[in-house]
Amino acid sequence: MQNVIEYKEQGIPKEAVIEYLIKERKTISTMESCTGGAIANAITNIPGASEVFMYSAVTYSNDYKVKMGVSASTIDKYTVYSEEVAKEMSKVISNYTNSN
């Protein structure tokens with residue numbers, strides 16, 4: 001599946017992403033930081049999202065990012081605003097929730 005950013009750039013409605021996930025029996029979860037839960041909020045406002053959206057964690061503090069499994073050395077090396085940390089957060093939450 002293409003990532004959501006690509007869907008938006010192509011003008012594909014966000015509802016189509018949820019419909020795709022339902023059809024493919026996939027699930028999603030989020031681990032956010034500076035967005036403060038805004039991504040989870042946006043997802044839960046899409047009809048049908050409850051069928052695919054499993055879990056959300058807002059880990060604003062670095063301590064909780066590390067407790068969830070993000071590497072402290074990755075945070076120290078790249079900062080919490082980096083793509084590297086975001087990717088680790090994504091992997092951690094996917095593993096924690098068994099989401100796709």
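## Overall fold

Along the sequence the chain runs α-α-β-α-β-α-α-α, that is, 6 helices and 2 strands; helices (H or I, at least four residues) and strands (E, at least two) are DSSP runs numbered from the N terminus. The radius of gyration is 14 Å, close to the 13 Å from the globule rule for 100 residues, so the chain is as compact as a globular protein of that length. That radius is taken over C-alpha atoms, and the rule is 2.2 Å times the number of residues to the power 0.38.

The model is predicted: local features need pLDDT of at least 70, side-chain atom pairs count only at pLDDT 80 or more, and totals for chains, interfaces and linings use all residues. Residues are numbered from 1 along each chain as its sequence is written, and side-chain values use heavy atoms, with hydrogens and water left out.

## Burial and contacts

Of the 100 residues, 31% count as buried (under 20% relative accessible area; exposed is over 50%, partly exposed in between; 1.4 Å probe, protein chains only). Among contacts (heavy atoms within 4.5 Å) with a separation of 6 or more, 60% join residues 24 or more positions apart.

## Helix α6

Just after α6, N98 has a positive phi of about 60°.

## Residue M54

M54 lies in strand β2. M54 is partly exposed, at 42% relative accessible area.
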